Amino acid sequence: MARVIDDGEFFTLKLSMLEKVGGLHGNIKTAKANLIDITNAENPWQSSVLRGIRAPGTGIPYVILLGTMRYKKKKDFTVIYRRRPVDIYTFKDCEFERWIISK
């Protein structure tokens, strides 16, 4: 299960081995200074939460969404399982604009 680790100066999105394989990506690290906001969403499958198309990664609608979502020269990284609520971390000046992570 993916989890966000706060070590004081950095946030690290720690992925399990299966999440790394399914999302075609390793752990992600960014400075805490880049954090803009942390919000929640009860239904992660809404168009207000998900943007763009998945590439690369794994996706089965309403079951699993692992990997990169690309849209308008921006990217989000998603780790969404079933219809569980998600935390949405929004960043500035990072590889990914948002991390969308199931609780």
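In which strand is Thr78 found? Thr78 lies in strand 7, which covers residues 74–81, where helices (H or I, at least four residues) and strands (E, at least two) are DSSP runs numbered from the N terminus. The model is predicted, so that local features need pLDDT of at least 70 and side-chain atom pairs count only at pLDDT 80 or more, while totals for chains, interfaces and linings use all residues. Residues are numbered from 1 along each chain as its sequence is written, and side-chain values use heavy atoms, with hydrogens and water left out.

Along the principal axes, the C-alpha atoms fill a box of roughly 35 × 30 × 25 Å.

Of the 103 residues, 40% are buried, a word that here means under 20% relative accessible area, with exposed meaning over 50% and partly exposed lying in between (1.4 Å probe, protein chains only). Contact means heavy atoms within 4.5 Å, and among the contacts between residues at least 6 apart in sequence, 40% join residues at least 24 apart.

Thr78 itself counts as buried, because its relative accessibility is 0%. Leaving aside neighbours within four places in sequence, Thr78 is in contact with Leu50, Leu65, Leu66, Gly67, Met69 and Ile100. With Ile100, Thr78 has a C-alpha to C-alpha separation of 4.7 Å, although the two are 22 residues apart in sequence.

In soluble globular proteins, nonpolar side chains tend to be buried together. In this chain the largest nonpolar core has 15 residues, and those with the most contacts inside it are Leu13, Phe77, Val79 and Trp99; such a core is a set of buried Ala, Val, Leu, Ile, Met, Phe, Trp, Tyr and Cys residues joined through side-chain atoms within 4.5 Å. At least two residues of this core come from each of strand 2 (10–14), strand 6 (64–71), strand 7, strand 8 (86–91) and strand 9 (98–102), and the largest share, three residues, is supplied by strand 7. Apart from this core lies another, of 10 residues, which includes Trp45, Leu65, Met69 and Ile88. Phe77, not counting residues up to four places away in sequence, touches Leu13, Leu15, Gly23, His25, Ile28, Gly67, Thr68, Phe96, Arg98, Trp99 and Ile100.

The backbone also deserves attention. Most residues other than glycine have a negative phi, and most peptide bonds are trans. A cis peptide bond, however, joins Ala55 and Pro56, with omega about -5 degrees, and Pro56 has its place in strand 5 (residues 53–60). Lys72, which is not a glycine, has a positive phi of about 35 degrees; Lys72 is found in the loop between strand 6 and strand 7, and it counts as exposed because its relative accessibility is 77%. Arg82, likewise a residue other than glycine, has a positive phi near 45 degrees and is found in the loop between strand 7 and strand 8, where Arg82 is exposed with a relative accessible area of 52%.

Arg82 is also one of the residues that Val63 touches, the others being Trp45, Ile80 and Tyr81, when residues up to four places away in sequence are not counted. Val63 has its place in the loop between strand 5 and strand 6 and is partly exposed, with a relative accessible area of 29%. Between Val63 and Arg83, which are 20 residues apart along the chain, the C-alpha atoms are separated by 7.5 Å.
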